[in-house]
Amino acid sequence: HQAKVEEKPEVRKAGGVYYTPSFVVDYIVDATLGPLLAGKAPAEVAGLAVVDPACGSGSFLLGAYQYLLDWHRDWYIEHLVPVIKEKGATSPETRALLVPAAAPAKGKRAGAPVLPIFQAGPGGSRVRSDWRLTTAERKRILTGCIYGVDLDPQAVEVTKLSLLLKVLEDETEETVDAQRRLFAERALPSLDRNIRCGNSLIGPDVHDHAPDLTIEERRQISAFDWPHEFPAVMQRGGFDAVIGNPPYVRQEGLGAQKEYFKTHYAVYAGTADLYAYFIERGVTLLRPGGRFAYIVANKWLRANYGAPLRRFLKGRQIEEIIDFGDLRVFQDATTYPCILRVVNAPSTEIITAADVETLDFPDLATHLDNRRHEVRTADLEDEGWSLASGATATVLKKLRYGGVLLGDYVRGGIYRGVLTGLTKAFVIDREARDRLIAEDPRSADLIKPFLLGKDVKRYGLPSSKRFVIFTRRGVDIRQYPAIEAHLKQFKKELMPKPPGWNGENWPGRKPGPYKWYEIQDTVGYFEEFEKPKIIYLVFQVKPAFTYDPNGEYYVNNAVWIITTDEIWLLGILNSKLGWFLISKLCTQIQGGYQLIYKYLANFPLPTIDPDDAGRGAIRDRIGTLAGQMLELQRNLAATRTPQDRAFIEREIAGLDARIDTAVYDLYGLTDNERQIISHGP
């Protein structure tokens, strides 16, 4: 018979389930189990326990099981086959383990007085491919070494089925029947004690805090008692290896579980995603010297919510962090993953790190051979971890501790653009603007020039033919009849979803404390848009900062602003040094970086003493050069001939170089440090 298990994509997505590519499974399994098995004999690792606390369909457990099967087979071949050749398969030393395994003739009953630990394959010389483990040995390894837990009962059954099919791999009806007659046992073992259904993160003490839970609520929680479910493993100190790919569930989807996490996990943060708790659970399940390896999102390295997790891990022996940046490791998900490997031992001074820049490789281990570098644990800052190599880390540390943070310098004046909630209602063209003002001149009070992300270029002159109807909180729409009439045609789509709505769909906007005609964002800082400001793209693949000297433009949520009239800051942010800092401080995303407040606010600026005329002059020079760059970009936009364009582009290149030099001078960098920033170490 055949069984086909098929999960709908939307079901997998809702549970944060994404299937792990085989190259990741292979690397994690080899890097975790390899050191645990090195130099040992099968008898010494008979109880080696491997667990995946969120096993899903079992890809990591299958990988671990196959690795153990191959290791045992290879060890037996190396150590026992020579004995067979010397003394024969029926010698007292070997007959309990090995016998020739010739295939039984067709129509004859197979049988042997002793079942071998592994069997010779059919025909040919006795090379590695001619030997395989018996079913009995495969069952022993499976039931003695492989463990898994998952909240989804269907996933548990799929994992069991997959592992059992692996037991029978290469078997025939005759060989299975022979073993059943010899040992009078079932062909396949029960995995009920190995692969369990439950919530790996929540223990039975959850019911002490909520004694009134109904049976259905308790079933949904599915609390899991690790010492009770796996007593033999936990009594001897824990698992030897914890591996896996925990589900990708954002903090918004954690619901009431957060209260439990808050009191039970050292890594708790109100905005932490689910994987943070799986990391702590996995590490704490290890015996002393045990090894942990997960593939998880890399945001914990720099995000604010990752601070407790970073502190937790810094007290352990971090063996390796492999950052995939924004590579699409999971084809159907944008997750920006990293591989984290930890040993349950005290922390060391050095950890290994590597950046993966392509997925076009034969295998991950070979690709990483020349890409690893050392990172000093002491250089891992609580504010966020940079995995830069030694020389780069030294420069970064000098820059970060040489002055004041941008967020402090501008007194928190870094703001997100406007999210209207319905672009087609609030964003209009010039013709619509002119019509609304002609109908009612007061409309001009609420209509503002509006920039989208595509309107923002490095040093580019802000320009747009779009306008936003900025009906902020507290606006009396009756005072603006033309705008009210315009918005009424979209009223159904503008209505905020009421609290407690139980219908299938809501035709309007998400819930919020706004009236139907108001923009969705609160934007209590709207006055900041009307001040001199630096405008920048929140997502950048290269520097994209420009300047609005008159406070003329409002911007959408793809654009952020820094309220300031000090354009020397513009020169720094657009410089090579500026991009170096952005690439080290901000989260990588889709080939670029995300410059939201919690990252860009940590951008370090040099402290300039009022009495330091020399550095003050350098700062002023940067401001002057940035102003000239703005003017050159305006001239470039107005050029009409190829000759003029070529001339201005040469002027821009020269001016860029002078700004970079002045910025290096302002930060007091040596020639070698400048070289590291410009070209890498």
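How many of the ten residues of strand β9 (residues 337–346) are buried? Eight are, so strand β9 is largely enclosed by the rest of the structure; buried means under 20% relative accessible area, exposed over 50% and partly exposed in between (1.4 Å probe, protein chains only). The legends below refer to a predicted model, in which local features need pLDDT of at least 70, side-chain atom pairs count only at pLDDT 80 or more, and totals for chains, interfaces and linings use all residues. Residues are numbered from 1 along each chain as its sequence is written, and side-chain values use heavy atoms, with hydrogens and water left out.

**Figure 1. Overview of the protein.** The secondary structure comprises 26 helices and 24 strands; helices (H or I, at least four residues) and strands (E, at least two) are DSSP runs, numbered from the N terminus. The protein has 681 residues, of which 51% count as buried. Its accessible surface is about 32,500 Å², and carbon and sulfur atoms hold 51% of that area (Shrake-Rupley method, 1.4 Å probe; for residues, only the protein chains shown count as cover). Among contacts with a separation of 6 or more, 70% join residues 24 or more positions apart; contact means heavy atoms within 4.5 Å.

**Figure 2. Strand β9 and its partners.** Strand β7 (residues 286–297) runs antiparallel to β9 and is joined to it by seven bridges; two strands pair if DSSP finds at least two bridges between them. In this pairing Arg291 stands opposite Val343 in β9. Strand β8 (residues 316–323) is also antiparallel to β9, again with seven bridges. Here Asp323 stands opposite Cys338 in β9.

**Figure 3. A four-stranded open sheet.** The strand order is β13-β21-β17-β19, with antiparallel pairing. The edge strands, β13 (414–416) and β19 (545–548), each pair on one side only. From one strand to the next, the twist averages 30 degrees; axes are lines fitted to C-alpha atoms, for helices over the stretch in contact, and angles run from 0 to 180 degrees between N-to-C directions. Three bridges connect β13 with strand β21 (residues 559–563) in the antiparallel sense. Ile414 stands opposite Ile562 in β21.

**Figure 4. The largest cavity.** The whole structure holds three cavities of 30 Å³ or more. On a 1 Å grid over the protein atoms alone, a cavity is a set of points where a 1.4 Å probe fits but cannot get out, a pocket is an open set with protein on both sides within 12 Å along at least five of seven lines, and lining residues have an atom within 4 Å of a point. The largest cavity has a volume of about 90 Å³; grid points are joined across faces, edges and corners, and a volume is the space filled by probe spheres set on the points. Its lining includes Asp379, Glu381, Lys397 and Arg400. Helix α15 (residues 390–400) gives the most to this lining, with four residues.

**Figure 5. The second largest pocket and helix α22.** This pocket holds about 880 Å³ of space. It is lined by 36 residues, and those closest to its centre are Asp355, Glu357, Lys584, Gln588 and Tyr593. The elements giving two or more residues to the lining are α22, β22 (587–589) and α26 (671–679). Helix α22 gives the most, with five. Ser583 is found in α22 (residues 576–585) and is buried, with a relative accessible area of 15%. Leaving out residues up to four places away in sequence, Ser583 touches Arg302 and Tyr593.
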